[in-house]
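Subject: Structure handover

Hello,

Here is the structure I promised you. Please open it next to this email and follow along.

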Amino acid sequence: MHKHNVFDETATLTEFWSQRVLQESNGTLLKVAKGIDSTRWHSHDDQDETFLVLSGKLIVQLRDEDVELGPGDLFTVPQGVEHCPVAPEEARFLIIGRSVTSNAAGGKPEWSYTES
């Protein structure tokens, strides 16, 4: 057993739109991530994807609306729903889901880079 501070953990992330698993609980992964700009439109056929914004602003674009999230806001994209997260400036957040989704199929943009 190990405790984690999500704010400290997000401060050490070096790559945008990648996820670091902090803990697992009842088959659910608790992951930290940070983003800037946009991912690609995608959906997850095998799981819901829940975002809890820690800092910044995250806009979850859906085909019929945009959901703006700020610090403390929680939003779940249901399984199979196409979405595109956008961060106008750096945003840090917790992602809750059954597996890691930071790959091309999970919407990670090809330009995603490591900070220097």
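Start with one term: a contact means heavy atoms within 4.5 Å. With that in hand, go to Val-60. Leaving out residues up to four places away in sequence, Val-60 touches Phe-51, Glu-65, Asp-66, Val-67, Leu-69, Phe-75, Val-77, His-83, Cys-84 and Pro-85. Keep Val-60 in view, as several of these names come back below. One caution before going on: this is a predicted model.

**The chain as a whole**

The protein chain has one helix and seven strands. Along the sequence the order is α-β-β-β-β-β-β-β. Of its 116 residues, 43% count as buried. Now take the contacts with a separation of 6 or more: 67% of them are between residues 24 or more positions apart. The chain exposes about 6,300 Å². Carbon and sulfur atoms supply 48% of that area.

**How the strands pair**

Look at E7 (residues 83–97), which pairs with strand E2 (residues 28–38). These two run antiparallel, with nine bridges. Leu-29 sits opposite Gly-97 of E7.

Strand E3 (residues 49–55) also runs antiparallel to E7, and five bridges join them. Here Thr-50 faces Ile-96 of E7.

Strand E4 (residues 58–62) is joined to E7 by four bridges, again antiparallel. Two positions mark this pairing for you. Ile-59 is opposite Val-86 of E7. Gln-61 is opposite Cys-84 of E7.

E4 has another antiparallel partner in E5, with four bridges between them. Val-60 has Val-67 as its bridge partner in E5. Val-67 is also among the residues that Val-60 touches.

Is E4 enclosed or open? Four of its five residues are buried, so E4 is largely enclosed by the rest of the structure.

**The nonpolar core**

In soluble globular proteins, nonpolar side chains tend to be buried together. Which residues have the most contacts inside the largest nonpolar core here? They are Trp-17, Phe-51, Leu-58, Val-60, Leu-69, Phe-75 and Phe-93, in a core of 16 residues. At least two core residues come from each of E3, E4, strand E5 (66–69), strand E6 (74–77) and E7. E7 gives the largest share, with four residues.

**Aromatic rings**

There are two aromatic pairs. One is Trp-17 with Phe-93, and this pair is tilted. Their centres are 5.9 Å apart, with 45° between the planes. Trp-17 lies in the loop between H1 and strand E1 (19–25), while Phe-93 lies in strand E7, so the pair ties together parts that are 76 residues apart in sequence. Both Trp-17 and Phe-93 are buried.

The other pair is Phe-51 with Phe-93, and it is edge-to-face. Centre to centre, the distance is 5.9 Å, and the planes are at 65°. This pair also links distant parts of the chain: Phe-51 is in strand E3 and Phe-93 in strand E7, 42 residues apart. Both Phe-51 and Phe-93 are buried. Through these ring pairs, Trp-17, Phe-51 and Phe-93 form a cluster.

**Charges over rings**

Two more spots deserve a look. The charged end of Lys-34 sits over the ring of Phe-16, 4.7 Å from the ring centre. The charged end of Arg-63 sits over the ring of Trp-41, 3.8 Å from the ring centre.

**The helix**

Finish with Thr-10, which is in helix H1 (residues 6–11). Is Thr-10 buried or exposed? The cut-off for buried is under 20% relative accessible area. Thr-10 has 2% relative accessibility, so it counts as buried. Beyond residues up to four places away in sequence, Thr-10 touches Val-32, Ala-33, Leu-54, Arg-92 and Phe-93. Phe-93 is also part of the ring cluster with Trp-17 and Phe-51.

Over to you now.

Best wishes

Terms used. Residues numbered from 1 in each chain as written. Predicted model: local features only at pLDDT ≥ 70, side-chain atom pairs only at ≥ 80, totals over all residues. Heavy atoms only, no water. Pairing = 2+ DSSP bridges. Buried < 20%, exposed > 50% of the residue type's maximum accessible area, 1.4 Å probe, protein only. Areas by Shrake-Rupley, 256 points an atom, 1.4 Å probe, with all protein chains shown as cover. Phe/Tyr/Trp six-rings, centres within 6.5 Å; stacked < 30°, edge-to-face > 60°. Lys NZ or Arg CZ within 6 Å of the ring centre and 35° of its normal. Core = buried A, V, L, I, M, F, W, Y, C linked by side-chain atoms within 4.5 Å.
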